[in-house]
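I opened the notebook to look up a few things in this structure. The entries follow in the order I made them.

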Amino acid sequence: MSEFTHLIDLASARLGGEAVAANDEFFAGKERLLEPEPAVFIPDKYTDRGKWMDGWETRRRRTPGHDWCIVKLGLPGVIHSMVVDTAFFRGNYPSHCWIDGCGLPPGADATAGDVVWQPVLERSELAGDTKNAFTIQKDPGGERRFTHLRLNIFPDGGVARFRVMGEVLPDWTRILATGADLDLAAVVHGGYVVDTSDRFFGEPRNMLMPYPAANMGDGWETKRRRGPGHDWAVIHLGLAGTITHVDLDTAHFKGNYPDTASVDGALMKDERSGVSADVSMRAIGDWKPVLPQTKLLPDRLHPFRSEVASGVHATHVRLNIYPDGGVSRFRVIGTPDAEARRRAVLRLLNAMDTPEIGATLADFCAAPAWIERMAASRPFATPAAVLAAADAAADAVAPEGWREAFRHHPPIGQKAAERPQSDAAREASAREQSAAREASASDLAALADANRAYQEKFGHVFIVCATGRTAPEMLEMLRERLKNDPETEVRVAADEQRRITRLRLERLLG
(Lines give C-alpha, C1' and ligand atoms only; values in the text may rest on other atoms or scores of the structure.)
Protein backbone atom coordinates (compact mmCIF):
# COMPACT_ATOMS: atom_id res chain seq x y z
CA MET A 1 0.00 0.00 0.00
CA SER A 2 2.90 2.38 -0.62
CA GLU A 3 0.63 4.64 -2.69
CA PHE A 4 -1.08 5.61 0.56
CA THR A 5 2.11 6.77 2.27
CA HIS A 6 0.44 8.90 4.94
CA LEU A 7 -2.36 6.46 5.73
CA ILE A 8 -2.33 3.67 8.32
CA ASP A 9 -4.11 0.31 8.28
CA LEU A 10 -6.45 1.11 11.15
CA ALA A 11 -7.64 -2.50 11.36
CA SER A 12 -4.23 -4.18 11.54
CA ALA A 13 -4.01 -6.90 14.17
CA ARG A 14 -0.61 -5.54 15.21
CA LEU A 15 -2.31 -2.28 16.18
CA GLY A 16 -5.01 -4.07 18.15
CA GLY A 17 -7.52 -4.70 15.36
CA GLU A 18 -9.78 -7.65 16.03
CA ALA A 19 -12.48 -9.56 14.19
CA VAL A 20 -14.91 -9.76 17.09
CA ALA A 21 -17.86 -11.65 15.56
CA ALA A 22 -19.02 -13.40 12.39
CA ASN A 23 -22.22 -15.20 11.52
CA ASP A 24 -20.34 -18.12 9.88
CA GLU A 25 -16.75 -19.42 9.98
CA PHE A 26 -17.29 -22.93 8.68
CA PHE A 27 -14.24 -23.32 6.44
CA ALA A 28 -11.89 -20.68 7.87
CA GLY A 29 -12.07 -18.59 11.03
CA LYS A 30 -12.16 -14.82 11.05
CA GLU A 31 -8.95 -14.48 13.08
CA ARG A 32 -6.52 -14.15 10.14
CA LEU A 33 -8.58 -11.55 8.29
CA LEU A 34 -6.58 -8.67 9.82
CA GLU A 35 -3.09 -10.18 9.89
CA PRO A 36 -0.49 -7.79 8.39
CA GLU A 37 1.30 -10.49 6.39
CA PRO A 38 0.01 -11.28 2.89
CA ALA A 39 -2.11 -14.39 2.59
CA VAL A 40 -0.42 -17.64 1.54
CA PHE A 41 -1.63 -20.74 -0.28
CA ILE A 42 -0.54 -24.23 0.78
CA PRO A 43 -1.76 -26.67 -1.90
CA ASP A 44 -1.84 -29.86 0.16
CA LYS A 45 -3.11 -28.43 3.46
CA TYR A 46 -6.62 -29.57 4.45
CA THR A 47 -8.75 -29.59 7.62
CA ASP A 48 -11.54 -31.97 8.57
CA ARG A 49 -13.95 -29.48 6.95
CA GLY A 50 -12.14 -29.04 3.64
CA LYS A 51 -9.34 -27.05 2.05
CA TRP A 52 -7.39 -24.81 4.43
CA MET A 53 -7.52 -21.20 3.31
CA ASP A 54 -5.63 -18.25 4.74
CA GLY A 55 -8.50 -15.92 5.59
CA TRP A 56 -12.18 -16.01 6.52
CA GLU A 57 -14.44 -18.39 4.60
CA THR A 58 -18.10 -19.25 5.14
CA ARG A 59 -20.06 -22.31 4.00
CA ARG A 60 -22.10 -22.37 0.80
CA ARG A 61 -25.35 -20.53 1.51
CA ARG A 62 -28.53 -22.44 0.62
CA THR A 63 -30.96 -19.88 2.08
CA PRO A 64 -31.58 -16.17 1.43
CA GLY A 65 -29.34 -13.64 3.14
CA HIS A 66 -25.65 -12.88 3.35
CA ASP A 67 -22.65 -13.35 5.64
CA TRP A 68 -20.92 -10.75 7.78
CA CYS A 69 -17.95 -10.12 10.06
CA ILE A 70 -17.66 -7.31 12.63
CA VAL A 71 -14.21 -5.76 13.00
CA LYS A 72 -13.00 -3.62 15.89
CA LEU A 73 -10.42 -1.15 14.60
CA GLY A 74 -7.12 -1.15 16.43
CA LEU A 75 -6.91 2.61 15.99
CA PRO A 76 -10.20 4.48 15.46
CA GLY A 77 -10.08 7.11 12.78
CA VAL A 78 -11.29 8.62 9.53
CA ILE A 79 -11.39 6.09 6.67
CA HIS A 80 -10.09 7.00 3.22
CA SER A 81 -9.87 3.65 1.45
CA MET A 82 -10.33 -0.07 1.99
CA VAL A 83 -9.02 -3.26 0.44
CA VAL A 84 -11.05 -6.45 0.37
CA ASP A 85 -8.37 -8.95 -0.63
CA THR A 86 -9.64 -12.23 -2.08
CA ALA A 87 -6.13 -13.68 -2.56
CA PHE A 88 -6.31 -17.37 -3.62
CA PHE A 89 -10.11 -17.39 -3.46
CA ARG A 90 -10.89 -18.14 -7.10
CA GLY A 91 -14.03 -20.27 -7.24
CA ASN A 92 -15.17 -19.44 -3.75
CA TYR A 93 -15.03 -15.66 -3.41
CA PRO A 94 -18.10 -13.46 -2.72
CA SER A 95 -19.67 -11.76 -5.70
CA HIS A 96 -20.26 -8.51 -3.81
CA CYS A 97 -19.55 -6.74 -0.55
CA TRP A 98 -20.71 -3.66 1.32
CA ILE A 99 -19.40 -2.14 4.51
CA ASP A 100 -21.08 -0.40 7.44
CA GLY A 101 -19.49 1.41 10.36
CA CYS A 102 -20.20 2.83 13.81
CA GLY A 103 -18.43 4.64 16.61
CA LEU A 104 -18.84 3.06 20.02
CA PRO A 105 -17.44 3.95 23.46
CA PRO A 106 -14.85 1.64 25.06
CA GLY A 107 -16.33 -1.63 26.24
CA ALA A 108 -19.53 -1.37 24.19
CA ASP A 109 -20.86 -4.53 22.53
CA ALA A 110 -20.75 -4.12 18.75
CA THR A 111 -22.98 -7.19 18.32
CA ALA A 112 -25.87 -5.69 20.30
CA GLY A 113 -29.14 -5.37 18.46
CA ASP A 114 -29.50 -1.65 19.14
CA VAL A 115 -26.23 -0.65 17.42
CA VAL A 116 -26.97 1.73 14.54
CA TRP A 117 -24.72 0.95 11.58
CA GLN A 118 -23.93 3.73 9.09
CA PRO A 119 -23.18 2.97 5.42
CA VAL A 120 -19.49 3.40 4.56
CA LEU A 121 -19.22 1.54 1.23
CA GLU A 122 -22.19 0.78 -0.98
CA ARG A 123 -22.72 -2.67 -2.44
CA SER A 124 -19.74 -3.27 -4.74
CA GLU A 125 -18.65 -6.06 -7.04
CA LEU A 126 -15.64 -8.19 -6.12
CA ALA A 127 -13.13 -10.06 -8.24
CA GLY A 128 -11.49 -13.31 -7.20
CA ASP A 129 -7.81 -13.57 -6.21
CA THR A 130 -7.61 -9.76 -6.28
CA LYS A 131 -6.85 -6.83 -4.00
CA ASN A 132 -10.22 -5.12 -4.45
CA ALA A 133 -9.49 -1.49 -3.55
CA PHE A 134 -12.24 1.02 -2.81
CA THR A 135 -11.91 4.77 -2.22
CA ILE A 136 -14.30 6.11 0.39
CA GLN A 137 -16.00 9.32 -0.64
CA LYS A 138 -15.98 12.23 1.79
CA ASP A 139 -19.15 12.51 3.83
CA PRO A 140 -20.93 15.79 2.98
CA GLY A 141 -21.90 16.06 6.65
CA GLY A 142 -18.25 16.16 7.71
CA GLU A 143 -15.64 13.71 8.94
CA ARG A 144 -16.78 10.55 10.70
CA ARG A 145 -14.71 8.67 13.25
CA PHE A 146 -15.26 4.91 13.24
CA THR A 147 -14.35 2.38 15.91
CA HIS A 148 -16.01 -0.69 14.30
CA LEU A 149 -16.81 -1.89 10.78
CA ARG A 150 -19.11 -4.63 9.53
CA LEU A 151 -17.88 -6.37 6.38
CA ASN A 152 -20.89 -7.83 4.58
CA ILE A 153 -20.29 -10.39 1.81
CA PHE A 154 -22.91 -11.64 -0.64
CA PRO A 155 -23.96 -14.32 -0.67
CA ASP A 156 -21.08 -16.25 0.93
CA GLY A 157 -17.45 -17.17 0.29
CA GLY A 158 -13.97 -16.21 1.40
CA VAL A 159 -11.93 -13.06 2.03
CA ALA A 160 -8.21 -13.39 2.73
CA ARG A 161 -7.41 -9.96 4.17
CA PHE A 162 -9.28 -6.76 5.04
CA ARG A 163 -7.35 -3.48 5.08
CA VAL A 164 -8.77 -0.19 6.33
CA MET A 165 -6.56 2.73 5.32
CA GLY A 166 -7.15 6.01 7.10
CA GLU A 167 -6.03 8.77 9.42
CA VAL A 168 -5.82 7.96 13.10
CA LEU A 169 -8.13 10.19 15.14
CA PRO A 170 -7.18 9.55 18.78
CA ASP A 171 -9.52 10.00 21.72
CA TRP A 172 -7.95 13.24 22.87
CA THR A 173 -10.50 13.63 25.67
CA ARG A 174 -8.77 10.76 27.45
CA ILE A 175 -5.18 11.13 26.21
CA LEU A 176 -4.92 14.81 27.13
CA ALA A 177 -6.65 14.40 30.49
CA THR A 178 -3.38 13.61 32.28
CA GLY A 179 -1.59 16.74 31.07
CA ALA A 180 1.60 14.72 30.54
CA ASP A 181 4.01 15.10 27.63
CA LEU A 182 3.29 12.85 24.62
CA ASP A 183 5.10 11.05 21.83
CA LEU A 184 4.05 13.64 19.25
CA ALA A 185 5.17 11.46 16.33
CA ALA A 186 3.49 8.21 17.36
CA VAL A 187 1.02 6.59 14.99
CA VAL A 188 -1.39 6.16 17.91
CA HIS A 189 -1.37 9.96 18.32
CA GLY A 190 -1.93 10.64 14.62
CA GLY A 191 1.68 11.01 13.46
CA TYR A 192 2.53 9.92 9.93
CA VAL A 193 5.36 10.01 7.40
CA VAL A 194 4.99 12.71 4.76
CA ASP A 195 7.96 11.82 2.58
CA THR A 196 11.31 10.06 2.54
CA SER A 197 14.44 9.88 0.45
CA ASP A 198 14.34 6.07 0.27
CA ARG A 199 12.22 3.15 1.46
CA PHE A 200 13.96 0.32 -0.39
CA PHE A 201 14.16 -2.27 2.43
CA GLY A 202 11.60 -0.98 4.91
CA GLU A 203 8.80 1.57 5.22
CA PRO A 204 9.62 4.64 7.35
CA ARG A 205 6.17 4.56 8.99
CA ASN A 206 7.35 1.42 10.81
CA MET A 207 9.44 3.72 13.03
CA LEU A 208 6.29 5.26 14.50
CA MET A 209 4.54 2.04 15.50
CA PRO A 210 3.75 1.45 19.20
CA TYR A 211 5.01 -2.13 19.42
CA PRO A 212 8.67 -3.23 19.50
CA ALA A 213 10.22 -4.16 16.17
CA ALA A 214 10.28 -7.90 15.55
CA ASN A 215 13.30 -7.76 13.21
CA MET A 216 15.06 -5.52 10.69
CA GLY A 217 12.13 -5.74 8.31
CA ASP A 218 9.97 -4.09 10.94
CA GLY A 219 11.87 -0.79 10.78
CA TRP A 220 12.91 1.80 8.19
CA GLU A 221 15.91 0.80 6.07
CA THR A 222 17.33 2.49 2.99
CA LYS A 223 19.44 1.07 0.19
CA ARG A 224 23.24 1.38 0.31
CA ARG A 225 24.19 4.89 -0.75
CA ARG A 226 26.94 4.96 -3.43
CA GLY A 227 27.08 8.72 -3.95
CA PRO A 228 27.13 11.90 -1.88
CA GLY A 229 24.31 12.95 0.41
CA HIS A 230 22.29 11.23 3.10
CA ASP A 231 18.85 9.75 3.70
CA TRP A 232 15.94 11.40 5.50
CA ALA A 233 12.30 11.03 6.49
CA VAL A 234 9.86 13.86 7.22
CA ILE A 235 7.17 13.20 9.82
CA HIS A 236 3.95 15.12 10.36
CA LEU A 237 3.44 15.22 14.11
CA GLY A 238 0.06 14.15 15.42
CA LEU A 239 -0.01 17.34 17.48
CA ALA A 240 2.21 20.37 17.05
CA GLY A 241 4.28 20.94 20.15
CA THR A 242 7.53 21.85 21.84
CA ILE A 243 10.03 19.00 21.66
CA THR A 244 11.63 17.96 24.95
CA HIS A 245 13.49 14.77 24.06
CA VAL A 246 14.03 12.21 21.31
CA ASP A 247 14.49 8.43 21.32
CA LEU A 248 16.18 6.73 18.35
CA ASP A 249 16.39 2.94 18.36
CA THR A 250 18.63 0.89 16.05
CA ALA A 251 17.36 -2.46 17.40
CA HIS A 252 18.26 -5.39 15.08
CA PHE A 253 20.40 -3.16 12.86
CA LYS A 254 23.96 -4.37 13.53
CA GLY A 255 25.94 -4.18 10.30
CA ASN A 256 23.63 -1.72 8.62
CA TYR A 257 22.85 0.98 11.18
CA PRO A 258 23.46 4.67 10.32
CA ASP A 259 26.83 6.05 11.34
CA THR A 260 25.26 9.25 12.65
CA ALA A 261 21.88 10.95 12.80
CA SER A 262 20.38 14.40 13.33
CA VAL A 263 16.87 15.78 13.79
CA ASP A 264 15.37 19.08 12.59
CA GLY A 265 11.99 20.65 13.31
CA ALA A 266 9.83 23.14 11.44
CA LEU A 267 6.43 24.79 11.37
CA MET A 268 4.53 23.96 8.18
CA LYS A 269 1.12 24.48 6.70
CA ASP A 270 -1.25 21.64 7.54
CA GLU A 271 -1.87 19.68 4.34
CA ARG A 272 -3.46 16.36 5.18
CA SER A 273 -3.08 14.98 1.67
CA GLY A 274 0.70 15.07 1.91
CA VAL A 275 3.34 17.43 0.59
CA SER A 276 5.99 17.29 -2.06
CA ALA A 277 9.49 15.94 -1.52
CA ASP A 278 10.78 19.50 -1.20
CA VAL A 279 8.92 19.98 2.08
CA SER A 280 11.27 22.69 3.28
CA MET A 281 9.82 25.06 0.66
CA ARG A 282 6.52 25.04 2.57
CA ALA A 283 7.97 25.72 5.99
CA ILE A 284 6.79 28.87 7.75
CA GLY A 285 10.36 29.25 8.93
CA ASP A 286 13.63 27.48 8.32
CA TRP A 287 14.32 24.02 9.67
CA LYS A 288 15.68 24.39 13.18
CA PRO A 289 18.13 21.89 14.67
CA VAL A 290 16.59 19.68 17.36
CA LEU A 291 19.42 17.16 17.67
CA PRO A 292 22.89 17.84 16.20
CA GLN A 293 24.56 15.20 14.08
CA THR A 294 25.35 12.50 16.64
CA LYS A 295 27.20 9.18 16.54
CA LEU A 296 25.03 6.07 16.75
CA LEU A 297 25.67 2.51 17.89
CA PRO A 298 24.31 -0.76 16.53
CA ASP A 299 21.27 -2.52 18.02
CA ARG A 300 20.85 0.13 20.68
CA LEU A 301 18.20 2.48 22.10
CA HIS A 302 19.57 6.03 22.07
CA PRO A 303 17.65 8.29 24.50
CA PHE A 304 18.61 11.91 23.78
CA ARG A 305 17.79 14.38 26.55
CA SER A 306 20.44 17.03 27.23
CA GLU A 307 21.51 16.91 23.57
CA VAL A 308 18.09 18.16 22.41
CA ALA A 309 17.79 21.90 21.74
CA SER A 310 15.35 23.60 24.09
CA GLY A 311 12.23 25.42 22.95
CA VAL A 312 11.92 24.05 19.41
CA HIS A 313 8.29 24.27 18.38
CA ALA A 314 7.31 22.09 15.40
CA THR A 315 4.51 20.62 13.34
CA HIS A 316 6.99 18.43 11.42
CA VAL A 317 10.34 16.82 12.15
CA ARG A 318 12.99 15.58 9.75
CA LEU A 319 15.12 12.61 10.76
CA ASN A 320 18.43 12.62 8.88
CA ILE A 321 20.60 9.50 8.81
CA TYR A 322 24.18 9.52 7.52
CA PRO A 323 24.87 8.15 5.04
CA ASP A 324 22.19 5.43 4.98
CA GLY A 325 21.02 2.41 6.98
CA GLY A 326 18.21 1.37 9.25
CA VAL A 327 16.26 2.74 12.22
CA SER A 328 13.90 0.56 14.21
CA ARG A 329 11.85 3.10 16.19
CA PHE A 330 11.76 6.89 16.49
CA ARG A 331 10.01 8.80 19.29
CA VAL A 332 9.57 12.57 19.55
CA ILE A 333 8.43 13.47 23.05
CA GLY A 334 7.05 16.93 23.69
CA THR A 335 4.43 19.25 25.12
CA PRO A 336 1.40 19.72 22.86
CA ASP A 337 0.76 23.23 21.58
CA ALA A 338 -2.37 24.82 23.09
CA GLU A 339 -3.90 25.82 19.76
CA ALA A 340 -3.15 22.44 18.15
CA ARG A 341 -4.70 20.77 21.18
CA ARG A 342 -7.89 22.81 20.76
CA ARG A 343 -8.14 21.99 17.06
CA ALA A 344 -7.62 18.30 17.74
CA VAL A 345 -10.32 18.19 20.41
CA LEU A 346 -12.82 20.04 18.22
CA ARG A 347 -12.12 17.70 15.31
CA LEU A 348 -12.67 14.69 17.55
CA LEU A 349 -15.92 15.96 19.08
CA ASN A 350 -17.32 16.81 15.65
CA ALA A 351 -16.38 13.44 14.13
CA MET A 352 -17.65 11.12 16.87
CA ASP A 353 -20.68 8.90 16.24
CA THR A 354 -23.77 9.35 18.44
CA PRO A 355 -23.04 6.57 20.99
CA GLU A 356 -19.43 7.62 21.44
CA ILE A 357 -20.11 11.35 21.77
CA GLY A 358 -22.81 10.51 24.31
CA ALA A 359 -20.41 8.52 26.48
CA THR A 360 -17.71 11.20 26.12
CA LEU A 361 -20.02 14.06 27.09
CA ALA A 362 -21.22 12.09 30.12
CA ASP A 363 -17.75 12.57 31.59
CA PHE A 364 -18.54 16.29 31.80
CA CYS A 365 -22.23 16.18 32.68
CA ALA A 366 -24.37 13.02 32.62
CA ALA A 367 -27.78 14.73 32.43
CA PRO A 368 -29.41 13.00 29.41
CA ALA A 369 -31.02 16.19 28.05
CA TRP A 370 -27.70 18.04 28.28
CA ILE A 371 -25.91 15.28 26.37
CA GLU A 372 -28.61 15.17 23.67
CA ARG A 373 -28.58 18.93 23.12
CA MET A 374 -24.78 19.12 23.10
CA ALA A 375 -24.52 16.35 20.50
CA ALA A 376 -27.13 18.11 18.36
CA SER A 377 -25.18 21.40 18.57
CA ARG A 378 -22.29 20.03 16.52
CA PRO A 379 -20.22 20.90 14.59
CA PHE A 380 -18.37 23.15 16.99
CA ALA A 381 -16.28 25.77 15.21
CA THR A 382 -14.39 27.11 18.24
CA PRO A 383 -13.81 26.34 21.91
CA ALA A 384 -16.09 29.26 22.74
CA ALA A 385 -18.85 27.56 20.76
CA VAL A 386 -18.47 24.42 22.91
CA LEU A 387 -18.77 26.42 26.12
CA ALA A 388 -21.74 28.41 24.82
CA ALA A 389 -23.50 25.21 23.75
CA ALA A 390 -22.83 23.70 27.19
CA ASP A 391 -24.47 26.66 28.91
CA ALA A 392 -27.47 26.60 26.57
CA ALA A 393 -27.92 22.85 26.98
CA ALA A 394 -27.81 23.18 30.77
CA ASP A 395 -30.67 25.68 30.66
CA ALA A 396 -32.92 22.92 29.30
CA VAL A 397 -32.19 20.30 32.00
CA ALA A 398 -35.07 19.47 34.33
CA PRO A 399 -34.57 18.61 38.04
CA GLU A 400 -34.69 14.85 37.41
CA GLY A 401 -32.04 15.23 34.71
CA TRP A 402 -29.77 16.97 37.20
CA ARG A 403 -30.34 14.20 39.72
CA GLU A 404 -29.19 11.68 37.11
CA ALA A 405 -26.04 13.75 36.56
CA PHE A 406 -25.38 13.77 40.31
CA ARG A 407 -25.43 9.94 40.37
CA HIS A 408 -22.21 9.98 38.29
CA HIS A 409 -20.22 11.72 41.06
CA PRO A 410 -18.66 10.01 44.09
CA PRO A 411 -19.40 11.55 47.50
CA ILE A 412 -16.77 14.03 48.66
CA GLY A 413 -13.87 12.07 50.16
CA GLN A 414 -14.85 8.80 48.46
CA LYS A 415 -13.98 7.11 45.14
CA ALA A 416 -17.06 5.20 43.96
CA ALA A 417 -20.10 6.83 42.33
CA GLU A 418 -23.58 5.31 42.13
CA ARG A 419 -23.29 5.06 38.34
CA PRO A 420 -20.24 3.61 36.55
CA GLN A 421 -17.60 6.19 35.60
CA SER A 422 -15.07 6.07 32.78
CA ASP A 423 -11.38 6.18 33.66
CA ALA A 424 -11.28 9.82 32.54
CA ALA A 425 -14.24 10.76 34.77
CA ARG A 426 -12.70 8.95 37.76
CA GLU A 427 -9.43 10.79 37.23
CA ALA A 428 -11.28 14.11 36.98
CA SER A 429 -13.19 13.46 40.21
CA ALA A 430 -9.98 12.46 42.02
CA ARG A 431 -8.17 15.56 40.77
CA GLU A 432 -11.01 17.86 41.81
CA GLN A 433 -11.25 16.27 45.25
CA SER A 434 -7.51 16.18 45.86
CA ALA A 435 -7.85 18.44 48.90
CA ALA A 436 -10.21 15.92 50.51
CA ARG A 437 -7.56 13.21 50.24
CA GLU A 438 -5.23 15.37 52.33
CA ALA A 439 -7.86 16.04 55.02
CA SER A 440 -7.43 14.89 58.59
CA ALA A 441 -9.15 11.75 59.79
CA SER A 442 -11.59 13.81 61.86
CA ASP A 443 -12.54 15.98 58.85
CA LEU A 444 -13.07 12.89 56.69
CA ALA A 445 -15.27 11.29 59.35
CA ALA A 446 -17.28 14.50 59.67
CA LEU A 447 -17.68 14.68 55.87
CA ALA A 448 -18.89 11.07 55.77
CA ASP A 449 -21.49 11.75 58.48
CA ALA A 450 -22.69 14.94 56.80
CA ASN A 451 -22.83 13.18 53.39
CA ARG A 452 -25.11 10.51 54.86
CA ALA A 453 -27.42 13.12 56.39
CA TYR A 454 -27.49 15.01 53.08
CA GLN A 455 -28.37 11.91 51.04
CA GLU A 456 -31.09 10.90 53.48
CA LYS A 457 -32.71 14.33 53.12
CA PHE A 458 -32.25 15.01 49.39
CA GLY A 459 -31.84 11.54 47.84
CA HIS A 460 -28.59 12.30 46.00
CA VAL A 461 -24.93 12.97 46.76
CA PHE A 462 -23.71 16.38 47.83
CA ILE A 463 -22.46 18.16 44.70
CA VAL A 464 -19.90 20.92 45.01
CA CYS A 465 -17.26 22.25 42.65
CA ALA A 466 -14.42 20.99 44.83
CA THR A 467 -11.54 22.47 42.82
CA GLY A 468 -9.45 24.70 45.09
CA ARG A 469 -11.56 24.04 48.17
CA THR A 470 -10.33 22.45 51.39
CA ALA A 471 -12.17 19.72 53.27
CA PRO A 472 -13.22 22.10 56.11
CA GLU A 473 -14.60 24.58 53.55
CA MET A 474 -16.63 21.86 51.83
CA LEU A 475 -17.87 20.55 55.16
CA GLU A 476 -19.08 24.02 56.11
CA MET A 477 -20.88 24.38 52.74
CA LEU A 478 -22.49 20.97 53.14
CA ARG A 479 -23.83 21.77 56.61
CA GLU A 480 -25.17 25.12 55.41
CA ARG A 481 -26.94 23.56 52.43
CA LEU A 482 -28.60 20.97 54.65
CA LYS A 483 -30.86 23.86 55.69
CA ASN A 484 -32.30 24.12 52.14
CA ASP A 485 -35.58 22.62 51.03
CA PRO A 486 -35.33 20.00 48.23
CA GLU A 487 -36.47 22.36 45.46
CA THR A 488 -33.93 25.01 46.41
CA GLU A 489 -31.14 22.46 46.88
CA VAL A 490 -31.51 20.87 43.46
CA ARG A 491 -31.06 24.34 41.91
CA VAL A 492 -27.99 25.02 44.05
CA ALA A 493 -26.51 21.59 43.22
CA ALA A 494 -27.26 22.13 39.51
CA ASP A 495 -25.28 25.38 39.59
CA GLU A 496 -22.35 23.49 41.13
CA GLN A 497 -22.64 20.82 38.42
CA ARG A 498 -22.54 23.57 35.77
CA ARG A 499 -19.32 24.92 37.30
CA ILE A 500 -17.80 21.42 37.29
CA THR A 501 -18.81 20.92 33.66
CA ARG A 502 -17.31 24.22 32.56
CA LEU A 503 -14.04 23.64 34.41
CA ARG A 504 -13.67 20.17 32.86
CA LEU A 505 -14.38 21.50 29.37
CA GLU A 506 -11.96 24.40 29.81
CA ARG A 507 -9.27 22.01 31.00
CA LEU A 508 -9.82 19.78 27.95
CA LEU A 509 -9.81 22.69 25.51
CA GLY A 510 -6.70 24.17 27.09
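How much space lies in the largest cavity? I read about 190 Å³. A cavity is a set of points on a 1 Å grid over the protein atoms alone where a 1.4 Å probe fits but cannot get out, and lining residues have an atom within 4 Å of a point. Volume is the space filled by probe spheres set on the points, which are joined across faces, edges and corners.

I noted that this is a predicted model, where local features need pLDDT of at least 70, side-chain atom pairs count only at pLDDT 80 or more, and totals for chains, interfaces and linings use all residues. Residues are numbered from 1 along each chain as its sequence is written, and side-chain values use heavy atoms, with hydrogens and water left out.

Next I looked up the lining. Of the 15 residues that line the largest cavity, the closest to its centre are Thr-173, Ala-177, Phe-364, Arg-431 and Arg-504. Helix α7 (423-432) gives the largest share, 5 residues. Helices are DSSP runs of H or I, at least four residues, and strands are runs of E, at least two, numbered from the N terminus.

Strand β6 (residues 67-85) runs antiparallel to β10, joined by 7 bridges. I found Lys-72 bridged to His-148 in β10.

How values were computed
Two strands pair if DSSP finds at least two bridges between them. On a 1 Å grid over the protein atoms alone, a cavity is a set of points where a 1.4 Å probe fits but cannot get out, and a pocket is an open set with protein on both sides within 12 Å along at least five of seven lines; lining residues have an atom within 4 Å of a point.
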